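Me: I would like to learn how to read the overall fold and a pocket in a protein model. Can you take me through one case?

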Amino acid sequence: MAQTIAVLDFGSQLTQVIARRVRECQVYSKIYHYTTPAETLRADGVIGIILSGGPQSVYAKGAPHPDRAIFSLGVPVLGICYGVQLMGHFLDGRVAPSRAREYGHGVLTVKKPGRLFAGLPRKLRVWNSHGDRLTRLPPGFAAIGTTENSPFAAIGDDRRRFYGIQFHPEVFHTERGIDIIRNFLVRICGARQDWTTRDFISHAVADIRATVGRSRVILGLSGGVDSSVAAALIHKAIGRQLTCVFVDNGLLRAGEREAVIALYKKHFQIDLRVASASAIFLRRLRGVADPEQKRKIIGRTFIAVFEKSLRSIGRVQFLAQGTLYPDVIESVSIGNNPASLIKSHHNVGGLPERMKLKLIEPLRELFKDEVRAVGAALGLPREVVWRQPFPGPGLGVRVLGEISPDKLVILRAADAIMQEEMMASGWYWKVWQSFCVFVPVKTVGVFGDERNYAYVIALRVVESIDAMTADWTRLPYELLQKISGRITNEVRGVSRVVFDVSSKPPATIEWE
């Protein structure tokens with residue numbers, strides 16, 4: 001098994017990014033709550049610890065503090081931003097507020113390259129985000145890097161292999177940041193770079209077989225990246241013991257049902273059951289305009305349809321889900337106050353406990369980019385591996401207001417044109433998401449020599465890394481003109497096409 005680097009989470013929005021950067025160096029990382037006992041880390045075979053940044057001061061009331069014994073485990077420790085301040089606080093240094101908060105680019109001057117900065121230039125552009133700083137080094141430490149405002153921007157204790165940096169190496173804004181992380185992992189922790197896609201697949205297949213034995217597994221297949229890769233991986237492990245259920249809820253895009261059947265049933269020869277349930281979904285959604293209510297109706301109906309399909313399949317012991325690592329680590333967030341509700345999660349919630357199924361989540365250790373790599377290695381086509389995110393409620397949250405079959409026909413046709421042109425131009429693969437929204441507003445247009453009074457279609461195209469933030473994409477005018485012209489000319493019921501130029505925040509990616 002790969003060696004483990006522990007990333008202790010102190011509330012930084014960049015904790016996941018740190019863990020991903022470690023994985024990019026082909027070293028296995030795992031995020032732990034900051035209160036995790038040192039003995040747990042020892043039992044997990046941790047060979048190095050990274051202390052994340054965080055929004056608080058180490059002296060603030062209720063500030064997150066780790067188990068002091070982590071500094072007695074005998075493994076290397078790297079403190080980042082808040083993490084280096086913790087090291088100073090716990091190891092008899094001194095931390096104080098900066099005269100001026102450092103935020104944004106700075107220049108690091110490397111005073112002593114050592115193992116942490118080996119092979120790097122003496123001056124590096126780095127990204128700062130902190131209000132406190134070290135004012136006195138802990139015993140045994142030396143300053144190995146400075147910035148304009150901090151004589152202790154990078155510190156190190158070579159004997160104990162403890163290092164701290166006031167800037168953020170995990171962000172792209174920091175020059176050669178990934179090399180600093182790699183030096184800590186390989187030169188200081190002695191980590192083997194053995195976290196590879198091939199090794200993950202072989203371990204996962206063995207684990208699935210050992211867990212499942214001769215039992216049967218059911219998986220709700222949406223055709224999206226996560227469920228598709230989970231299905232392909234489990235099928236590789238246990239073959240016909242896996243049954244996938246694809247629920248046609250009447251809220252799918254053009255050709256989606258046919259594409260899923262062609263790929264999974266015919267190509268991969270997976271036992272795929274299609275539940276045709278569009279009538280019941282649309283009946284329950286009739287007259288409902290509130291987006292939260294629509295989501296809940298779609299979620300409850302999905303569970304009812306899935307449960308009915310399960311009864312027709314027979315005895316099943318395991319439920320498989322395409323849960324990813326970001327979903328898992330949300331449960332170790334250090335915040336005590338729940339975030340304000342923006343909207344219900346796109347994905348359908350868990351199944352009722354009465355179904356008494358054991359859960360199997362083969363992707364729960366992976367980030368999205370790693371899932372895509374596994375999918376490619378398993379032979380899934382590019383159209384699936386790099387498919388853009390699609391909400392669980394489907395077109396139900398892209399038809400604003402009340403849903404009707406006529407509105408779905410219009411939206412489906414418009415969206416098919418947009419996807420076709422995005423793919424033909426190559427832009428589909430460059431953006432995070434591109435889709436159409438049906439706006440239930442009629443405007444005047446001219447079709448031929450006749451006055452036309454019809455609906456509006458909005459185009460939404462965004463760039464993002466993780467969907468937490470997003471910016472609208474500056475598509476070429478020629479492409480926008482082609483998409484708009486085709487929609488207004490080929491889709492009956494549309495008189496106008498508009499382009500959404502809102503970023504997230506303040507807007508969300510989806511309109512509902």
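This is a predicted model: local features need pLDDT of at least 70, side-chain atom pairs count only at pLDDT 80 or more; totals for chains, interfaces and linings use all residues.

Me: Which helices and strands does the protein chain have, by number?

Reply: The protein chain has 14 helices and 18 strands.

Me: What does the radius of gyration say about the protein chain?

Reply: The value is compared with that of a compact globule of 512 residues, which would be near 24 Å; the protein chain has 26 Å, so the two agree. Along its principal axes, the C-alpha trace spans about 80 × 60 × 40 Å.

Me: How many of the 512 residues count as buried, as a percentage?

Reply: Buried residues make up 53% of the 512, taking under 20% relative accessible area as the cut-off. The accessible surface of the chain comes to about 23,700 Å², and carbon and sulfur atoms account for 51% of that.

Me: What do contacts tell me about sequence separation?

Reply: Take the contacts between residues at least 6 apart in sequence: 75% of these join residues at least 24 apart.

Me: How is a pocket found, and what is the volume of the second largest pocket?

Reply: Rolling a probe the size of a water molecule over the atoms shows where empty space is left. Here the second largest pocket has a volume of about 500 Å³. It is lined by 19 residues, and R253, A259, E383, R387 and M423 are the closest to its centre. Helix 7 (256-267), helix 12 (382-385) and helix 13 (405-425) each give two or more residues to this lining.

Notes
Residues are numbered from 1 along each chain as its sequence is written. Side-chain values use heavy atoms; hydrogens and water are left out. On a 1 Å grid over the protein atoms alone, a cavity is a set of points where a 1.4 Å probe fits but cannot get out, and a pocket is an open set with protein on both sides within 12 Å along at least five of seven lines; lining residues have an atom within 4 Å of a point. Grid points are joined across faces, edges and corners, and a volume is the space filled by probe spheres set on the points. Helices (H or I, at least four residues) and strands (E, at least two) are DSSP runs, numbered from the N terminus. The radius of gyration is taken over C-alpha atoms; the globule rule is 2.2 Å times the number of residues to the power 0.38. Buried means under 20% relative accessible area, exposed over 50%, partly exposed in between (1.4 Å probe, protein chains only). Contact means heavy atoms within 4.5 Å. Accessible areas come from the Shrake-Rupley method with a 1.4 Å probe; for residues, only the protein chains shown count as cover.
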